[in-house]
Amino acid sequence: MNKIIECVPNFSEGRDLQKLEKILDVFRARKNVKLLDYSSDEDHNRSVVTLVGEPEELGEAVIEAIGKAVELIDLTHHEGQHPRMGAVDVIPFIPIKNATIEEADALAKHVAKVASEKYGLPFFLYEKSATASHRENLANIRKGQFEGMAEKMKDDMWKPDFGPYTIHPTAGATAIGARMPLVAYNVNLNTNNLEIASKIAKQVRHLSGGFRYVKALGIELEDRGIVQVSMNMTDYTKTSLYRVFETIRMEAERYGVSIVGSEIVGLVPMQALIDTADYYLRLENFSTDQVLETRLH
């Protein structure tokens with residue numbers, strides 16, 4: 001593939017893996033599209049899929065997958081810890097190789113136009129594709145979730161950019177747009193007190209005075225009996241993983257709580273992990289050129 005764009009669609013299904021597999025089969029069947037990774041979470045009831053491809057073929061695959069998700073996922077019977085407004089909740093396009101953010105933006109708008117006409121699904125443009133400043137942040141668009149979106153969309157401020165001016169009855173609405181790479185990063189705490197995770201999330205997220213490139217919320221992991229600070233690191237080069245990890249550790253100590261582990265959802269740029277290793281190992285005069293794998297290309 002000469003020109004590569006990445007897409008990371010989030011589907012509101014993390015429990016019925018047969019449904020997920022039918023959606024994934026759409027990507028597996030496409031030439032010039034490569035399914036890199038997928039992960040499902042029962043507590044979140046959500047699956048995050050990572051794929052790359054040439055723009056035209058990638059767009060066609062995503063449009064077909066949206067149709068499959070609309071067919072299989074019914075949000076009127078959906079429950080989960082993660083906020084959601086659509087069967088396909090969000091679809092970001094990210095330029096990776098020989099591609100620009102403008103090309104990713106054009107692809108997002110093309111997919112939204114075709115899919116909205118084909119499936120009767122409303123689309124909101126977000127991040128770099130947003131048509132107004134109040135639509136840039138996904139959390140602002142998704143506020144109210146599936147149950148409140150029909151009422152919300154009656155307000156002219158929240159008319160969708162593509163598709164009908166009300167939700168799809170079972171598939172809700174979808175946010176779509178171009179953005180730069182982010183890291184989905186979660187930190188787990190040894191308590192079942194959701195209020196503690198929510199307070200810590202408030203300390204680190206940008207909207208409430210925390211780190212500029214962090215979105216965060218507290219989530220309960222019922223099957224493990226613990227809670228989690230679930231985050232999107234929207235620019236790891238400016239807000240590092242280790243800095244946020246240490247802040248969460250420090251804030252948790254206020255409540256007599258400790259970190260039991262952390263996790264990365266989907267794929268992560270190697271540099272984000274190198275920066276973290278550099279910090280914790282206190283490496284002196286370290287260069288990325290010293291990483292063996294970087295010298296093999």
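Which residues is E79 in contact with, leaving aside its neighbours within four places in sequence? Let me start there. E79 is in contact with R15 and N45. One reminder before I go on: this is a predicted model.

So where does E79 sit? The residue is in the loop between α2 and β5. Its relative accessible area is 60%, and exposed means over 50%, so E79 is exposed. E79 and A197 are 118 residues apart in sequence. In space, C-alpha to C-alpha, they are 20 Å apart.

Staying with α2, take E56. This residue lies in helix α2.

Next, the helix itself. Helix α2 covers residues 55–72, and helix α3 covers residues 101–119. Their axes come within 10 Å. They cross at roughly 35 degrees, and the crossing is right-handed. Which residues meet there? From α2, the list includes L58, V62, I63 and I66. From α3, it includes L107, V111, V114 and Y119. By class, this contact has ten nonpolar, three polar and two charged residues.

In general, nonpolar side chains tend to be buried together in soluble globular proteins. Here, the largest nonpolar core has 53 residues. Inside this core, F27, I66 and F93 have the most contacts. Which helix gives the most to this core? That is α2, with nine residues.

Let me turn to strand β1, residues 4–7. I4 and E6 point one way from this strand. I5 and C7 point the other way. Buried or exposed? All four are buried. β1 has two partners to show you. Four bridges join β1 to strand β5, residues 88–97, and the two run antiparallel. In that pairing, I4 stands opposite K97. Three bridges join β1 to strand β4, residues 46–53, again antiparallel. There, V52 is the bridge partner of E6.

Now the open sheet. It has four strands, in the order β9-β10-β8-β11, with antiparallel pairing. Which strands are at the edges? They are β9, at 214–221, and β11, at 259–265. Each of these pairs on one side only. On average, neighbouring strands are turned by 20 degrees against each other, direction ignored. Look at one pair in detail. Eight bridges join β9 to β10, residues 226–233. Within this pair, A216 stands opposite M231. A helix packs on the sheet too: α7, residues 241–253. Helix α7 touches β8, β9, β10 and β11. Its direction makes about 20 degrees with that of β8.

One loop residue belongs in this part of the talk: T191. Its place is between β8, at 183–189, and α6, at 194–204. Buried or exposed? T191 has a relative accessible area of 13%, and buried means under 20%, so T191 is buried. What does T191 touch, not counting residues up to four places away in sequence? The answer is I196, G225, I226, V227 and V257.

Q145 has a phi near 55 degrees, a positive value in a residue other than glycine. You will find Q145 in helix α5, residues 145–152. Its relative accessible area is 28%, and it is partly exposed. R282 is not a glycine either, and its phi is positive, about 55 degrees. This residue is in the segment after α8, which spans 270–281. With a relative accessible area of 71%, R282 is exposed.

Conventions. Residues numbered from 1 in each chain as written. Predicted model: local features only at pLDDT ≥ 70, side-chain atom pairs only at ≥ 80, totals over all residues. Heavy atoms only, no water. Axes fitted to C-alpha atoms, helices over the stretch in contact; angles between N-to-C directions. Left-handed = near helix turned anticlockwise from the far one by under 90°. Contact = heavy atoms within 4.5 Å. Nonpolar A, V, L, I, M, F, W, Y, C, P; charged D, E, K, R; others polar. Core = buried A, V, L, I, M, F, W, Y, C linked by side-chain atoms within 4.5 Å. Buried < 20%, exposed > 50% of the residue type's maximum accessible area, 1.4 Å probe, protein only. Pairing = 2+ DSSP bridges.
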